[in-house]
Amino acid sequence: MSTLLEVKNLKKYFKTPGGMLHAVDDVSFSINRGETLGVVGESGCGKSTLGRTVIHLLPKTSGQIIFDGEDISDVDDHKLKELRRDMQMIFQDPFSSLNPRMSISQIISEPLKIYHVCKNSKELDSRVTSLMETVGLALRFRDAYPHELDGGRRQRVGIARALALDPRFIVCDEPVSALDVSIQAQILNLMQDLQKERGLTFIFITHDLSVVKHISDNISVMYLGNMVEKSPKQELFDNPLHPYTKALLSAIPQASIHRKKERILLEGEITSPINPKPGCRFAARCIYAQDRCREAAPPLEEMAPGHFCACYRAKELAQG
């Protein structure tokens, strides 16, 4: 299977009164066509910034982005408009991401109008109808406004808008986190069905490990702007290597009350992402940290086939 997206040493810094905030710091990964890369981590780890930077909603500080074999790291406005046909985004909040002054049909048809996809109004109406049917949105909502819909239907509108230009790659920024559990399952199943039908490639950003296990092929774990672990999903759940990943997995609720699961409680101060000092950013909260962990950040190395981890003691801890 060929690679659709490759990101090399991507950095995104923000200037603040206290210094430079390292939101995304030297992140590299690749995604094959038709696959889903799940990106997990606690709030503030940089996962949403990563997704927005990859599709140029935010300008990168440095690094390389290669899409379908073409370097799109630095593109002009004309090229960026072309890329928007292939790269789209589904936003976290299904209410604030929709224009409250536009009807559902107007929201879905807007990208079609901007790119002059349809020859006339009849073809435009037909395309909007097709998109609404694709995402399971009843046609009676064509003339409704976002505030008249519940969260699940609003998110379906966001998905229909993202699909309007037949993209190949979509960044899904916590698309189900604001929804009820039953609605979450409907949206996740819809996205998986659309991926199979259209051969879509996803980056799926979430803080919910149960969700990411359900939808992802590979999972990347981020901590304070760094990617600390990446592997196929089952390998990550069966054999986590990084101490932070182990702590995250230990926090997943268990359905069985008879099976006791040991929780790993993280202590210590969270390192500031503003002008961070050299070393591993998790060291202040890691019980396995050594002096070398505070002196230089460990590289993301392949510990097993397809399983990468940024921890000096990963192999030692896995064996012990």
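Predicted model: local features only at pLDDT ≥ 70, side-chain atom pairs only at ≥ 80, totals over all residues.

Reader: Which residues lie nearest the centre of the largest one?

Author: Those are His-242, Cys-280, Cys-286, Cys-293 and Cys-311, which belong to a lining of 14 residues. By type, that lining divides into 12 nonpolar residues, one polar and one charged.

Reader: And what lines the second largest cavity?

Author: Its lining is made up of Ile-90, Ile-159, Leu-163, Ile-170, Met-191, Leu-194, Leu-200 and Phe-202. Helix H5 (151-163) and helix H6 (181-198) are the elements that give two or more residues to this lining, and by type the lining has eight nonpolar residues, with no polar and no charged ones.

Reader: Switching topic: where is Leu-209 found, and is it buried or exposed?

Author: Leu-209 is found in helix H7, which covers residues 209-215. Leu-209 counts as buried because its relative accessible area is 9%, whereas the cut-off for buried is under 20%.

Reader: What does Leu-209 touch, leaving out residues up to four places away in sequence?

Author: With those left out, Leu-209 touches Val-40, Phe-237, Leu-248, Leu-249 and Ile-252.

Reader: And how is Leu-209 placed relative to Val-128?

Author: Their C-alpha atoms are separated by 34 Å, and the two residues are 81 residues apart along the chain.

Definitions and conventions
Residues numbered from 1 in each chain as written. Heavy atoms only, no water. 1 Å grid on protein atoms, 1.4 Å probe; cavity = no way out; pocket = protein on both sides within 12 Å on 5 of 7 lines; lining within 4 Å. Nonpolar A, V, L, I, M, F, W, Y, C, P; charged D, E, K, R; others polar. Helix = DSSP H or I, 4+ residues; strand = E, 2+ residues; numbered from the N terminus. Buried < 20%, exposed > 50% of the residue type's maximum accessible area, 1.4 Å probe, protein only. Contact = heavy atoms within 4.5 Å.
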